[in-house]
Amino acid sequence: MKPFLKTGLAGTCFLAAFLVLSVSCASAQVKQYSARAVAQYPHDVESYTQGLFIMDGQMYESTGEYGNSTFRKVDTATGKALRRLDFNEKYFVEGSVAMGDSLYILTWTNRVAFIYNLSTFEYVSTLSYPRQGWGLTTDGISLIASDGSSRLYFMDRNLKVGRTVNVRLHGKPLNYLNELEYIGGKIWANVYMTNMIVIIDPESGNVESVIDCTGLLPDRLRTEDTDVLNGIAYDGSSGKIYLTGKNWPLLFEIRLEEKK
């Protein structure tokens with residue numbers, strides 16, 4: 001997330017250094033990877049990416065900021081919106097995901113979540129949401145949400161919490177969990193204000209792997225508006241994984257390389 005936490009390079013470096021230190025002191029149980037780009041695609045630099053997912057081969061993206069919050073059906077080849085929803089300026093849109101044909105969209109501090117029909121983009125309902133909205137994904141049974149803390153919430157279709165999991169890296173709570181994606185039975189999570197993605201066991205909450213995405217977006221493509229890494233999408237039909245960031249000019253297809 002979030003504008004009030006947007007502290008620039010100093011804050012990013014501090015959190016990144018903390019995580020790198022944690023990883024360097026890690027036991028062999030936590031695997032360490034680098035993200036390597038194997039393909040790249042245009043991404044709208046006006047997109048303050050909050051949620052990213054693929055359903056039936058089609059990419060969707062939710063974007064935040066007051067007055068600029070949207071949900072988009074995206075043409076991956078061009079980065080352009082094939083269709084979009086624009087939200088009232090009082091809403092700051094966050095994570096999004098689809099379960100079947102139901103589209104769920106969180107808001108940051110508005111304490112509501114929206115439900116739409118994914119196929120038609122027609123509004124269905126608004127549900128009360130009693131915490132900050134950050135990331136959102138699904139394992140096909142539960143909706144899984146983050147709120148910027150170290151906790152993940154497993155919810156039913158009515159957003160009722162069934163259980164929570166506390167995420168820990170080397171036994172310590174890992175805060176700032178942001179955008180989420182469910183891949184191969186694990187939860188991938190961006191850690192806000194860092195270049196790190198963690199892979200979490202959904203039962204224990206333990207971080208099993210850490211992915212270093214440093215350098216994924218080249219410095220030459222960064223401007224004063226370029227913000228942090230945020231956005232993970234998995235195409236189950238192809239096995240491809242995509243990453244982007246807030247106001248990034250590119251979307252990357254990546255592969256993992258294990259660090260030695």
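**Briefing: a chain of strands**

The chain has one helix and 22 strands. Helices (H or I, at least four residues) and strands (E, at least two) are DSSP runs, numbered from the N terminus. This is a predicted model: local features need pLDDT of at least 70, side-chain atom pairs count only at pLDDT 80 or more, and totals for chains, interfaces and linings use all residues. Residues are numbered from 1 along each chain as its sequence is written, and side-chain values use heavy atoms, with hydrogens and water left out.

**The chain as a whole**

- Of the 260 residues of the chain, 53% count as buried. Buried means under 20% relative accessible area, exposed over 50%, and partly exposed in between (1.4 Å probe, protein chains only).
- The accessible surface comes to about 11,500 Å². Carbon and sulfur atoms hold 49% of that surface. Accessible areas come from the Shrake-Rupley method with a 1.4 Å probe; for residues, only the protein chains shown count as cover.
- Take the contacts in the chain with a separation of 6 or more: residues 24 or more positions apart account for 54% of them. Contact means heavy atoms within 4.5 Å.

**Salt bridges**

- The structure holds nine salt bridges. A salt bridge is a side-chain nitrogen of Lys or Arg within 4 Å of a carboxyl oxygen of Asp or Glu. Side chains of opposite charge can pair when their charged atoms come close.
- One of the salt bridges joins arginine 72 and aspartate 44, with the closest N and O atoms 2.8 Å apart. The pair links distant parts of the chain, 28 residues apart: arginine 72 is in strand E4 (residues 70-74), and aspartate 44 is in the loop between strand E1 (31-42) and strand E2 (49-55). Arginine 72 counts as buried because its relative accessibility is 5%. Aspartate 44 is partly exposed, at 26%.
- Lysine 186 and glutamate 208 also meet through their side chains in a salt bridge (3.2 Å, N to O). Here too the pair links distant parts of the chain, 22 residues apart: lysine 186 lies in strand E17 (residues 186-191), glutamate 208 in strand E19 (residues 207-212). Lysine 186 is partly exposed, with a relative accessible area of 24%. Glutamate 208 is partly exposed as well, at 27%.
- Aspartate 212 forms a salt bridge with lysine 259, the closest N and O atoms being 3.1 Å apart. This pair spans 47 residues, from strand E19 to the segment after strand E22 (250-258). Aspartate 212 is buried, at 17% relative accessible area. Lysine 259 is partly exposed, at 35%.

**A four-stranded sheet**

- Four strands form an open sheet in the order E10-E11-E12-E13, and the pairing is antiparallel. Two strands pair if DSSP finds at least two bridges between them.
- Strand E10 (136-138) and strand E13 (161-166) stand at the edges, each with a single partner strand, so one side of each is left without a neighbour in the sheet.
- E10 is joined to strand E11 (residues 143-146) by three bridges. Threonine 138 stands opposite leucine 143 in E11.

**Threonine 244**

- Threonine 244 sits in strand E21 (residues 240-245). Threonine 244 counts as buried because its relative accessibility is 0%.
- A polar atom of the threonine 244 side chain lies 2.9 Å from the backbone oxygen of leucine 250.
- Beyond its neighbours within four places in sequence, threonine 244 is in contact with residues including His43, Thr49, Leu229 and Leu251.

Note on methods:
Polar contact = N/O pair within 3.5 Å; in protein donor to acceptor, adjacent residues only side chain to side chain.
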